[in-house]
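Here are a few notes to read beside the model. Please keep the structure open as you go through the points.

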Amino acid sequence: MGIKEKTYRTYSEEIKREAVRLHLVEKWTYRKITEHFNIRDKDRVKKWMRKYRQQGEFGLLDHRGRRTEYIDKDREYQQVKRENSMLKKCLEIWKKEV
């Protein structure tokens, strides 16, 4: 008897976003969404919802091969935001002193 190969199915970002929208806006159940999109894994939509709640649309992106690039960009963005906030505070203090 041969080893059964497991095939993995990937879903587009559009399908993931639509599944999240159907659940949040249209109040569809996970089961109805999996049947509508012919998703084999019954917990797949639940996993997408968890990622969406934690990370927003970024969580729905396929991170394979590009993950470090996205993470680095996000870190850089957060750093620039902190620096900008600090500079604004410094500017306010400087204006008061002048």
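1. Helices (H or I, at least four residues) and strands (E, at least two) are DSSP runs, numbered from the N terminus. On that basis the protein chain has four helices and zero strands, and its pattern along the sequence reads α-α-α-α.

2. A word on the source: this is a predicted model, in which local features need pLDDT of at least 70 and side-chain atom pairs count only at pLDDT 80 or more, while totals for chains, interfaces and linings use all residues. Residues are numbered from 1 along each chain as its sequence is written, and side-chain values use heavy atoms, with hydrogens and water left out.

3. Now to confidence. pLDDT is the predictor's confidence in each residue, from 0 to 100. The protein chain has a mean of 85, with 84% of its residues at 70 or more. Among the elements, the highest mean pLDDT, 96, belongs to helix 2 (residues 30-36), and the lowest, 82, to helix 4 (residues 67-97).

4. Next, burial. Buried means under 20% relative accessible area, exposed over 50%, and partly exposed in between (1.4 Å probe, protein chains only). Of the 98 residues of the protein chain, 17% count as buried. Tyr11 and Trp48 are both buried.

5. Those two residues deserve a look together. Rings of Phe, Tyr and Trp (its six-membered ring) pair if their centres lie within 6.5 Å; planes under 30 degrees apart count as stacked, over 60 as edge-to-face and the rest as tilted. The structure holds one aromatic pair. Tyr11 and Trp48 have ring centres 5.4 Å apart and planes at 75°, so they meet edge-to-face. The pair links distant parts of the chain, 37 residues apart: Tyr11 is in the segment before helix 1 (13-24), and Trp48 in helix 3 (residues 44-55).

6. Another ring has a charge over its face: Lys32 lies over Trp28, at 4.4 Å from the ring centre. The rule here asks for NZ of Lys or CZ of Arg within 6 Å of the ring centre and within 35 degrees of the ring normal.

7. How many salt bridges are there? With a salt bridge taken as a side-chain nitrogen of Lys or Arg within 4 Å of a carboxyl oxygen of Asp or Glu, the count comes to eight. Glu14, Arg17 and Glu57 are linked in a network of them. Asp43 forms one with Lys42, the closest N and O atoms being 3.9 Å apart, and another with Lys46, also with 3.9 Å between the closest N and O atoms. Asp43 is partly exposed at 28% relative accessibility, while Lys42 is exposed at 62%. Asp41 also forms a salt bridge with Arg44, with the closest N and O atoms 3.1 Å apart.

8. Two loop residues are worth checking in your viewer. Lys27, in the loop between helix 1 and helix 2, has a positive phi of about 65° although it is not a glycine. Asn38, in the loop between helix 2 and helix 3, has a positive phi near 55° and is likewise not a glycine. Lys27 is exposed at 65% relative accessibility, and Asn38 is exposed at 54%.

9. Finally, the surface. Leu91, Trp94 and Val98 make a nonpolar patch of about 360 Å². Patches are made of residues with over 30% relative accessible area and no salt bridge; like charges are joined within 9 Å, nonpolar side chains (Val, Leu, Ile, Met, Phe, Trp, Tyr) within 5 Å. Accessible areas come from the Shrake-Rupley method with a 1.4 Å probe; for residues, only the protein chains shown count as cover. Val98 sits in the segment after helix 4 and is exposed, with a relative accessible area of 74%.
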